[in-house]
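Dear colleague,

Here is the structure that I promised to pass on to you. Please open it beside this email, and then read on for what was found in it.

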Amino acid sequence: MRLALDTNVLVSALLSPSSAPAQLFVLWRNRAFDLVTSAEQIDEISRVMRYPKIRARLAPALAGRLVNQLRDLAIVVTKLPKVDRSPDPDDNHLLALAEAGEAQFLVTGDMQLLSLKRHKFTRIITPATLVELLQ
C-alpha cells in the first residue's frame with residue numbers, strides 16, 4: 001500500500017508522540033506501507049521546521065532526522081502533474097503527489113482537502129481513520 005502524508009501529519013507525528021500521526025510514522029518505519037513524497041514536500045518540511053513556534057517545541061536533530069528518513073526511505077516522486085482542484089491552491093501539490101505516486105490514501109488533517117474525499121484513485125482521509133483501517 002502506498003500513502004502520501006500531508007506535511008501537517010508528519011510534523012504532528014514529531015510534536016505529539018502518542019497521536020495518530022505518530023502511530024502512522026511508526027507503522028511506516030516498520031514498513032507497514034510505502035510512503036511517497038517529493039522534493040517539494042521535503043523542502044516544505046524543512047521550511048516548516050524552522051518556524052519559531054515549531055523550533056521551540058522540537059529539537060533540530062529530530063527535524064533533520066525526519067528529512068533524512070524521507071530522502072532515504074520514502075519513494076521520492078520526481079514528476080508531478082499539474083493539478084488545480086483544491087479549494088486552497090497551496091494544497092494542489094499534495095494532490096499531485098498522491099496522483100503521481102499512485103497513493104491509495106492521502107492522509108491529512110486539512111478540512112479543505114478532506115472535503116474532496118477523493119482525488120482520482122486516492123482516498124483522502126484523516127490519520128485516525130487510517131490507523132483504524134490498518135489495525
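**Strands, a helix and a salt bridge**

In strand E3, Val76 is the bridge partner of Thr37. Please keep in mind that this is a predicted model, in which local features need pLDDT of at least 70 and side-chain atom pairs count only at pLDDT 80 or more, while totals for chains, interfaces and linings use all residues. Residues are numbered from 1 along each chain as its sequence is written, and side-chain values use heavy atoms, leaving out hydrogens and water.

Helices (H or I, at least four residues) and strands (E, at least two) are DSSP runs numbered from the N terminus, and two strands pair if DSSP finds at least two bridges between them. Strand E2 pairs with E3 (residues 75–77) in the parallel sense over 3 bridges, and E1 (residues 2–5) and E2 also pair in the parallel sense over 3 bridges, with Arg2 opposite Asp34 in E2.

Because 4 of the 5 residues of E2 (residues 34–38) are buried, this strand is largely enclosed by the rest of the structure; buried means under 20% relative accessible area, exposed over 50%, and partly exposed in between (1.4 Å probe, protein chains only). Helix H1 (residues 7–15) is mostly covered, with 7 of its 9 residues buried, among them Val9 and Leu10.

The structure holds 1 salt bridge, a term for a side-chain nitrogen of Lys or Arg within 4 Å of a carboxyl oxygen of Asp or Glu. Glu99 and Lys120 form this salt bridge through their side chains (3.4 Å, N to O).

Best wishes
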